[in-house]
Each structure stands twice: as C-alpha cells, then as structure tokens.
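User: I have a new model open and would like to understand the labels attached to its side chains. Could you take me through them?

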Amino acid sequence: MKHTPGPGIYRVRHTASGHSLIGGSVDAPAYLNRVRFELQLGSHRTPALQRDWTQDGPDAFTFEVLDDLKPDPAGRVSPDDLKELLSLWQEKLNWSPTQAY
C-alpha cells in the first residue's frame with residue numbers, strides 16, 4: 001500500500017498551558033506521528049515540550065491537522081504556500097510567540 005502524503009498545517013497543543021507547536025509540513029499526519037513517537041521515547045528536540053509531556057502525560061496534549069494543502073497537478077507543494085497558510089492559521093488562532101514551544 002502506497003503512502004499518500006498529506007501536506008498541511010499541524011498543531012500539538014498542551015491543553016493545560018495552551019503552549020503549542022504549530023508548523024507546516026509536506027506530510028502533516030506523518031510529522032505528528034513523528035512528534036508523538038519522539039515524545040514517547042523521551043527524545044523530542046524541544047526541551048519544554050518534552051518536559052510537559054513527561055510531567056503531564058499524553059492525555060494533556062492534542063495532536064491535530066488544522067488544514068490541508070492541495071498539491072499542484074504534479075503532486076508538489078510550494079514551501080511559500082505552506083508558509084502563507086501557516087501565517088494565516090497563526091493569525092486565526094491569535095497565536096503569539098509566547099505560546100510557542
């Protein structure tokens with residue numbers, strides 16, 4: 001079975017603090033799986049995110065794809081389109097760097 005990438009905007013949110021890891025990826029569901037796996041292993045590269053995960057556990061987090069981005073007819077996704085969509089979501093969520101992981 002062939003994997004079909006799902007480009008889009010993702011968010012990992014710590015429900016207690018409201019801190020979020022928000023970004024864009026050419027395969028948002030796969031990226032969220034990677035983040036979850038790294039957190040479970042205790043090896044995520046963002047110390048504050050890993051600390052909250054270790055302290056509060058997986059039930060204190062939500063993992064979601066906020067928006068999908070349709071690839072062009074050749075199956076490509078523009079990095080500029082991902083950046084623009086991310087910016088729109090940050091604005092929509094009234095997200096500020098103080099909420100970032």
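**Labels and their cut-offs**

Analyst: Let's begin with Arg11, which counts as buried because its relative accessibility is 15%, and buried means under 20% relative accessible area, exposed over 50% and partly exposed in between (1.4 Å probe, protein chains only). A word on the source: this is a predicted model, where local features need pLDDT of at least 70, side-chain atom pairs count only at pLDDT 80 or more, and totals for chains, interfaces and linings use all residues. Residues are numbered from 1 along each chain as its sequence is written, and side-chain values use heavy atoms, with hydrogens and water left out.

User: What makes Glu64 and Arg11 a salt bridge?

Analyst: Their side chains meet at 2.7 Å, N to O. A salt bridge is a side-chain nitrogen of Lys or Arg within 4 Å of a carboxyl oxygen of Asp or Glu, so the pair qualifies. Glu64 lies in strand S3 (residues 61-68) and Arg11 in strand S1 (residues 8-14), so the pair ties together parts that are 53 residues apart in sequence. Strands (E, at least two residues) and helices (H or I, at least four) are DSSP runs, numbered from the N terminus.

User: Why do Arg34 and Glu38 get their accessibility labels?

Analyst: Arg34 has 37% relative accessibility, so Arg34 counts as partly exposed. Glu38, with a relative accessible area of 14%, is buried.

User: What makes Trp53 and Phe61 an aromatic pair, and why is the pair called tilted?

Analyst: Rings of Phe, Tyr and Trp (its six-membered ring) pair if their centres lie within 6.5 Å; planes under 30 degrees apart count as stacked, over 60 as edge-to-face and the rest as tilted. By this rule the count comes to 3 aromatic pairs. For Trp53 and Phe61, the centres are 5.3 Å apart and the planes are at 45 degrees, so the pair is tilted. Trp53, Phe61 and Phe63 form one aromatic cluster.
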